[in-house]
Amino acid sequence: MKALKVIIITIVSALALYGLTAILLGFLLSSMCGNTVYTESLSLDNMYKAVIFERSCGGASGHSTQISIIKADEQLCENCAGDVLVADGHPNDNKLNLVWLEPQDSDNQQLQIHVPADLTNETKETSWSSWFNSIDISYHVIDQYPLTCEQNPKAKACQFITNDQKLIEVLKQFKDFNDHKALAVAVSESGHIRYGYGFGYDTMLKAQRRALKECTKGTSPTHVKCELIR
């Protein structure tokens with residue numbers, strides 16, 4: 001009987017030690033991470049804000065794009081993970097867009113997140129709640145990216161990479177580039193489509209140069225052949 005008690009105590013102690021070690025390891029790993037705010041968007045009632053930020057934990061983990069909802073007068077904590085969306089890649093590459101909508105089917109506030117078609121998600125919540133308020137979250141897949149780019153008046157260029165062959169037909173509809181807009185497209189042997197979009201310049205030549213630059217950004221120009229769509 002004593003031997004059985006010793007075995008049970010040993011097992012319980014081992015499990016407790018394992019659990020404590022896992023907690024400490026998780027804390028240490030999370031403390032190595034850092035957050036950099038990319039953009040913030042205030043809710044319509046000015047009580048909350050959605051924050052897109054880049055989270056990096058160093059080493060091979062690389063960068064991730066994350067979204068949290070916090071009170072409007074708060075700052076994103078330095079070490080918190082996103083509680084709405086977690087996706088692979090840097091915010092500069094993912095090009096997410098936040099849009100607050102008027103409540104329709106419920107009294108809850110509505111947050112719509114525009115995401116590219118090839119975004120790789122680890123976490124994708126459809127609702128968020130605090131003690132007194134709830135926010136409904138929906139996702140709109142970007143299928144006409146140049147128009148989405150122009151929703152940001154500060155932007156003058158965009159880049160997008162996808163493996164959706166149908167998107168190239170959508171882009172070809174933008175043939176009439178008035179107001180100095182230009183679109184450059186490249187299709188790789190694996191079927192990935194990369195394009196760059198430039199707009200808002202004082203000459204068409206500058207827009208075309210920026211479109212080509214965006215199309216080849218992040219890769220060797222010798223491996224990517226970008227062509228302007230006129």
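Does Gln109 count as buried or exposed, and at what relative accessibility? Gln109 counts as buried, because its relative accessibility is 11%. Buried means under 20% relative accessible area, exposed means over 50%, and partly exposed lies in between (1.4 Å probe, protein chains only).

The model is predicted: local features need pLDDT of at least 70, side-chain atom pairs count only at pLDDT 80 or more, and totals for chains, interfaces and linings use all residues. Residues are numbered from 1 along each chain as its sequence is written, and side-chain values use heavy atoms, with hydrogens and water left out.

The protein contains five helices and 13 strands. Helices (H or I, at least four residues) and strands (E, at least two) are DSSP runs, numbered from the N terminus. Of its 230 residues, 36% count as buried. The accessible surface comes to about 14,100 Å². Carbon and sulfur atoms account for 55% of that surface. Accessible areas come from the Shrake-Rupley method with a 1.4 Å probe; for residues, only the protein chains shown count as cover. Contacts (heavy atoms within 4.5 Å) were also sorted by separation in sequence. Among those between residues at least 6 apart, 56% join residues at least 24 apart.

Gln109 is found in strand 6. Its side chain makes a polar contact with the side chain of Asp45, at 2.8 Å. A polar contact is a pair of N or O atoms within 3.5 Å; within protein, one must be able to donate a hydrogen and the other to accept it, and residues adjacent in sequence count only if both atoms are side-chain atoms. Neighbours within four places in sequence aside, Gln109 is in contact with Ser43, Leu44, Asp45, Tyr48, Trp100, Pro103, Ser134, Ile135 and Asp136.

Attention now turns to the core. In soluble globular proteins, nonpolar side chains tend to be buried together. A nonpolar core is a set of buried Ala, Val, Leu, Ile, Met, Phe, Trp, Tyr and Cys residues joined through side-chain atoms within 4.5 Å. The largest one here has 19 residues. Ile69, Val84 and Ile113 touch the most other members. At least two residues of this core come from each of strand 2 (48–56), strand 3 (63–71), strand 4 (85–88), strand 5 (97–101), strand 6 (109–116) and strand 9 (134–142). Beyond its neighbours within four places in sequence, Val84 has contacts that include Ile67, Ile69, Ile113, Trp128, Ile137 and Tyr139. Ser68, Thr123, Lys124 and Glu125 are also among the contacts of Val84.

The structure holds three disulfides. A disulfide is identified as a pair of cysteine sulfur atoms within 2.5 Å. One joins Cys33 to Cys57, with an S to S distance of 1.9 Å. This pair links distant parts of the chain, 24 residues apart. Cys33 lies in the loop between helix 1 (2–31) and strand 1 (34–42), and Cys57 in the loop between strand 2 and strand 3. The link is right-handed, with 105° about the S-S bond. Cys33 is buried at 10% relative accessible area, whereas Cys57 is partly exposed at 27%.

Cys77 and Cys80 form another disulfide, with sulfur atoms 1.6 Å apart. Cys77 is partly exposed at 27%, and Cys80 is partly exposed at 36%.

Cys215 and Cys226 are also joined, with sulfur atoms 2.0 Å apart. Cys215 lies in helix 5 (residues 204–216) and Cys226 in the loop between helix 5 and strand 13 (227–229), so the pair ties together parts eleven residues apart in sequence. The torsion about this S-S bond is about -85°, so the disulfide is left-handed. Both cysteines, Cys215 and Cys226, are buried.
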